[in-house]
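Here are my notes on the structure, as numbered points. Please keep the model open while you read.

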Amino acid sequence: MKLPKFEIFRPESLGEAVAAFECHQSALPLAGGTDLLVAMKRRLIRPERLIDLTALNDQLAYIKEDAEMIRIGALTRLIEIERHPLVIKRLPFLAAAAKSVASIQIRHSATLGGNICLDNRCYYYNYGLASGVELWEPCLKRSGRICHVTGKFDDICYAVYSGDTAPVLISLDSHVTIFGPRGERTIPLLELFSGVGQTPFNLERGEILKEVEIPLPKNGTRFSFQKFRSQEVDFPLASVAVSVRCGADGVVEEARIVLGALGCAPFRVRSAEDFLKGRRPGEASEAVVKLCRREAQFINNVHVAPTIRRHVLVRLVKTCIAEATSNEQRANRA
Amino acid sequence: MNKELIELKINGDSQEIAVPQHRTLLDLLREELGLMGSKDGCDVGECGACTVLLDGEPVLSCLTLAVRCRGREVLTIEGLAREGKPHPLQEAFVYEGGVQCGYCTPGFIMMAKSILDSNPDPSDEEIRAGLTGNLCRCTGYVKIIQAIKVAAEKIRLSPGRY
């Protein structure tokens with residue numbers, strides 16, 4: 001498959017990049033390119049111009065600690081995150097999530113910003129052209145009228161959010177800084193996701209992810225991350241990130257349970273978090289699993305049947321809670 | 001078509017080439033420079049057959065734009081041999097039976113080189129972890145891992161040479 005023709009523009013600053021988006025309506029930002037170029041090769045998208053962000057590497061590729069916060073630039077490559085001593089020591093589950101993305105070769109190009117802003121995926125959208133079903137009738141995500149997952153002519157797209165780092169970052173209560181035509185804004189990462197399959201991000205035209213801020217975990221907070229995939233190099237088919245803070249008596253004081261690849265956006269299962277609060281994790285895990293299963297979307301939009309994902313989620317949630325509440329783990333290994 | 005003049009080092013030789021902006025590094029190597037060693041397997045980043053070393057780091061040349069390699073150093077399978085003699089990895093793949101149809105081999109060898117560059121004495125587990133991004137449909141991987149261990153030993157015996 002050859003790439004379609006396009007032009008490249010190389011801005012030297014964030015301001016120039018934003019201005020370039022305003023001049024060219026179909027332009028898209030190019031960071032690592034490991035997902036964007038594949039989508040272009042498959043003719044899923046056809047931007048006439050790519051805004052190559054390489055020149056911004058000096059400004060936007062860094063990992064640093066300041067004021068109880070770890071700041072990671074959006075152009076930091078995943079390989080740097082998984083190998084950075086500060087991340088390994090203070091945020092080991094972020095390192096694990098970065099390491100679970102695709103292959104080593106891809107992680108040498110792919111960036112954190114790109115992984116967070118990974119376009120939603122669907123079996124029919126991504127592989128439909130090859131199997132022919134998309135030629136018959138393009139789906140909603142390709143600006144058509146039908147959803148091949150449900151087979152209905154309505155306006156709900158079920159493409160699934162498949163980023164690996166976002167669930168862990170949400171469980172860490174991260175914020176993202178976005179640079180755009182109207183200046184900078186910082187929002188909780190969870191609010192970046194719109195939950196709409198076709199347009200999964202609450203980003204306006206010309207807005208670029210600049211930085212991810214991760215507060216250092218409070219003493220006693222423990223984490224876990226589990227990802228289910230059908231082969232070693234694969235997008236997640238279900239993933240769970242959990243953070244739990246227990247009191248001295250072993251009762252949960254604060255919990256975050258985030259599910260990934262089980263809906264159009266990564267989301268917190270607030271009912272399960274509330275249920276867990278004030279209880280001992282061991283005795284609550286069955287009920288938490290039930291609440292997670294109720295919130296997740298098991299639908300035929302990936303290459304593995306919904307029943308399998310449903311069974312797997314039970315195991316993932318149980319493992320996560322057990323791991324996050326086991327005595328051995330010390331999240332704050334200062 | 002927008003062409004750009006870029007200067008890059010390929011297997012030790014500095015070259016100045018005019019490339020269209022939408023050309024991938026793989027297409028540049030194979031179609032314009034005649035370096036057919038890097039293979040065009042899946043073309044979407046799943047098989048690792050197009051792996052090359054860019055400034056010493058393994059990347060997929062099918063997902064790397066040629067114009068983004070400006071001023072950088074590319075090493076392909078063609079650049080491994082020294083003075084007409086194959087690299088220990090190439091030798092070991094042949095003698096240990098790490099090659100069957102051979103299509104995935106250049107990708108495996110380049111990835112193996114990157115593993116050995118950072119870890120001269122990897123365990124089986126470390127080799128396996130390093131090779132997750134490369135697919136081989138013939139050998140079943142056992143011989144490949146064996147070949148890399150044999151090559152690693154040879155390289156350790158003559159440090160600084162490879």
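1. The largest nonpolar core has 150 residues. A nonpolar core is a set of buried Ala, Val, Leu, Ile, Met, Phe, Trp, Tyr and Cys residues joined through C-beta atoms within 7 Å. A residue is buried if 20 or more other C-beta atoms lie within 10 Å of its own, exposed if 12 or fewer, and partly exposed in between, with C-beta atoms placed from the backbone. Leu94(A), Leu169(A), Val242(A) and Cys292(A) have the most contacts inside this core. Helix H3 (residues 105–118) of chain B gives the most to it, with seven residues. The core also draws at least three residues from each of domain 1 (3–79) and domain 2 (88–157) of chain B. In soluble globular proteins, nonpolar side chains tend to be buried together.

2. A word on the basis. This is a predicted model, in which local features need pLDDT of at least 70 and side-chain atom pairs count only at pLDDT 80 or more, while totals for chains, interfaces and linings use all residues. Residues are numbered from 1 along each chain as its sequence is written, and chains are lettered from A and ligands numbered from 1 in the order in which they are written.

3. Which residues does Leu169(A) touch, leaving out those up to four places away in sequence? They are Leu94(A), Ser174(A), Leu189(A), Val212(A) and Ile214(A). Contact here means that the C-beta atoms of two residues, placed from the backbone, lie within 7 Å.

4. Now the five-stranded sheet of chain A. Helices (H or I, at least four residues) and strands (E, at least two) are DSSP runs, numbered from the N terminus. The sheet is open, antiparallel, and ordered E4-E5-E8-E6-E7. Strand E4 (63–65) and strand E7 (183–188) of chain A each have a single partner strand, so one side of each is left without a neighbour in the sheet. Neighbouring strands are turned by 20° against each other on average, direction ignored.

5. Strand E5 (residues 69–73) and strand E8 (residues 208–215) of chain A pair in the antiparallel sense over five bridges. Two strands pair if DSSP finds at least two bridges between them. Ile70(A) has Ile214(A) as its bridge partner in E8(A).

6. Chain A has a three-stranded sheet as well. This open sheet is parallel, in the order E1-E3-E2. Strand E1 (7–9) and strand E2 (28–30) of chain A stand at its edges, so each lacks a neighbour on one side. The twist averages 35° from one strand to the next. E1(A) and E3(A) are joined by three bridges. Glu7(A) has Arg49(A) as its bridge partner in E3(A).

7. Glu137(A) sits in the loop between helix H10 (133–136) and helix H11 (165–171) of chain A. It counts as partly exposed because it has 13 C-beta neighbours inside 10 Å. Glu137(A) touches Gly144(A) and Ile146(A), not counting residues up to four places away in sequence.

8. Turn to chain B. Its assignment gives domain 1 (3–79) and domain 2 (88–157), with bounds from an automatic or database domain assignment. The domain centres, taken over C-alpha atoms, are separated by 21 Å. The contact takes 15 residues from domain 1 and 13 residues from domain 2.

9. Last, a hairpin. Eight bridges join strand E1 (residues 3–10) to strand E2 (residues 13–20) of chain B, and the two run antiparallel. Ile6(B) stands opposite Ile17(B) in E2(B). The hairpin has two residues between the strands, and Asn11(B) takes a positive phi near 50°. E1(B) is also joined to strand E5 (residues 73–75) of chain B, in parallel, by two bridges.

Note on methods: Axes fitted to C-alpha atoms, helices over the stretch in contact; angles between N-to-C directions.
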